[in-house]
Amino acid sequence: MALVITCQDRGCVFIPVLLCILKEMVEASLVHHLDSSQQMAELLDNIQRMFQRILECLAIRLRTLREEGIQLIHSVQDPLREFIHVVQGSAATCPVIHHSVLSSLLAAIVVETGYMLQQKASNPEELTPPKTFSELPPLSCTLMGIVIKSTNVIRSFLNELMESLLNDEIEGIPSITSVVYIVALIKGKYKLSYIKDTASALQRKLTTYSEITKEDVSSTKRTLYEFALLALDEILRP
């Protein structure tokens with residue numbers, strides 16, 4: 001039912017309520033033993049699908065009705081923050097839902113930020129090293145604003161990012177560059193030693209595309225590639 005509601009034109013107004021319901025579902029899964037592993041699997045699958053759909057609806061609203069989308073994002077910040085806080089607390093006891101929620105968060109941020117960077121790459125003067133999270137597009141800015149409130153969430157987020165890189169789930173120069181952009185912002189906020197491990201993995205991943213970018217020195221991909229390499233050099237600098 002929740003998936004159907006959010007598909008409706010005005011269904012987005014129910015997103016804050018749905019996030020509260022999702023939080024309660026996660027809390028319930030932590031304290032109650034369901035009758036079977038199948039019931040638990042179904043519950044976790046529903047939570048993951050509902051959360052992913054919520055993120056999709058927020059992104060769609062921003063693309064189609066930007067001002068309404070921004071207002072909607074402001075209205076969901078508190079329930080979204082509470083939901084992610086509860087999910088982080090489930091890392092040890094319910095790793096499946098913890099992984100799926102962080103994976104959805106990461107995907108939403110990578111897609112939106114990657115699209116923004118591709119637009120900026122058409123005018124390289126606009127493609128500058130990020131200084132604040134406010135430079136991110138609206139949804140990514142909100143999501144990362146929640147992530148950076150907790151070092152535990154940041155660590156989980158970076159672990160999810162690293163796992164996605166190692167499993168080749170993050171592919172293509174725009175997506176990799178968007179991740180570099182995010183990592184550069186996190187490094188500017190927190191001096192965490194394991195950020196350099198993430199940056200090193202990104203550097204190795206990015207260099208696998210070096211031959212592709214040589215084919216067209218004026219391409220958007222080439223611009224993003226060079227920008228990402230410079231940003232990584234800065235992150236890895238002692």
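**Figure 1. Asp78, a partly exposed residue in helix H4.** In this predicted model, Asp78 has a relative accessible area of 48%. You'll find Asp78 in helix H4. Now look for Pro16 as well: Asp78 and Pro16 are 62 residues apart in sequence, yet their C-alpha atoms are 8.4 Å apart in space.

**Figure 2. Helix H4 alongside helix H6.** Two packed helices are described by the angle between their axes and the distance between the axes. Here H4 covers residues 66-89 and H6 covers residues 138-147. Their axes are 10 Å apart, and the packing angle is about 20°. Angles under 35 degrees count as roughly parallel, so H4 and H6 are roughly parallel to each other. H4 passes H6 in a right-handed crossing. Which residues in H4 and H6 meet? From H4 come Arg66, Ile70, Ile73, Gln77, Leu80, Arg81 and Ile84, and from H6 come Pro138, Leu139, Thr142, Leu143 and Ile146. Sort the residues of this contact by type and you get 8 nonpolar, 2 polar and 2 charged.

**Figure 3. Helix H6, mostly covered.** How many of the 10 residues of H6 are buried? The count is 8, which is how H6 comes to be mostly covered. Going along the helix, the buried residues are Pro138, Leu139, Ser140, Thr142, Leu143, Met144, Ile146 and Val147. Keep an eye on Met144, as that residue turns up again in the next view.

**Figure 4. Phe83 and Met144 in the largest nonpolar core.** This core has 80 residues. Which of them have the most contacts inside the core? They are Phe83 and Met144. Helix H5 (residues 95-121) supplies the largest share of the core, with 11 residues. Zoom in on Phe83 and leave aside residues up to four places away in sequence: Phe83 then touches Leu19, Leu22, Lys23, Val26, Ile47, Phe51 and Val101.

**Figure 5. Ala121, a buried residue in helix H5.** Is Ala121 buried or exposed? Its relative accessible area is 5%, and buried means under 20%, so Ala121 is buried. Ala121 belongs to helix H5. Not counting residues up to four places away in sequence, Ala121 touches Leu127, Thr220, Thr223 and Leu224. Take Thr220 from that list: the C-alpha atoms of Ala121 and Thr220 are separated by 5.7 Å, although the two residues are 99 residues apart along the chain.

**Figure 6. Helices H7 and H8, side by side.** What angle do the axes of H7 and H8 make? They cross at roughly 155° and come within 12 Å. Angles over 145 degrees count as roughly antiparallel, so H7 and H8 are roughly antiparallel to each other. Their crossing is left-handed. On the H7 side, look for Ile154, Phe157, Leu158 and Leu161; these meet Val179, Ile182, Val183 and Ile186 in H8. By type, the residues of this contact are 8 nonpolar, no polar and no charged.

**Figure 7. Asp168 in the loop between H7 and H8.** This loop runs between helix H7 (151-166) and helix H8 (173-189). Most residues other than glycine have a negative phi. Asp168 isn't a glycine, but its phi is positive, at about 60°. Its relative accessible area is 46%, which means that Asp168 is partly exposed.

**Figure 8. Leu192 in the loop between H8 and H9.** Helix H9 covers 194-207, and Leu192 is in the loop between H8 and that helix. At 19% relative accessibility, Leu192 falls under the 20% cut-off, so this residue counts as buried. Leu192 and Thr151 are 41 residues apart along the chain, with their C-alpha atoms separated by 9.2 Å.

**Figure 9. The protein chain, built from 11 helices and 0 strands.** From the N terminus on, the elements run α-α-α-α-α-α-α-α-α-α-α. The chain has 238 residues, of which 49% count as buried. What share of contacts between residues at least 6 apart in sequence joins residues at least 24 apart? In this chain, the share is 75%.

Note on methods:
Residues are numbered from 1 along each chain as its sequence is written. This is a predicted model: local features need pLDDT of at least 70, side-chain atom pairs count only at pLDDT 80 or more; totals for chains, interfaces and linings use all residues. Side-chain values use heavy atoms; hydrogens and water are left out. Axes are lines fitted to C-alpha atoms, for helices over the stretch in contact, and angles run from 0 to 180 degrees between N-to-C directions. Helices (H or I, at least four residues) and strands (E, at least two) are DSSP runs, numbered from the N terminus. Angles under 35 degrees count as roughly parallel, over 145 as roughly antiparallel, 65 to 115 as roughly perpendicular and the rest as oblique. A crossing is left-handed if the near helix is turned anticlockwise from the far one by less than a right angle, and right-handed if clockwise. Contact means heavy atoms within 4.5 Å. Ala, Val, Leu, Ile, Met, Phe, Trp, Tyr, Cys and Pro count as nonpolar, Asp, Glu, Lys and Arg as charged, and the others, Gly among them, as polar. Buried means under 20% relative accessible area, exposed over 50%, partly exposed in between (1.4 Å probe, protein chains only). A nonpolar core is a set of buried Ala, Val, Leu, Ile, Met, Phe, Trp, Tyr and Cys residues joined through side-chain atoms within 4.5 Å.
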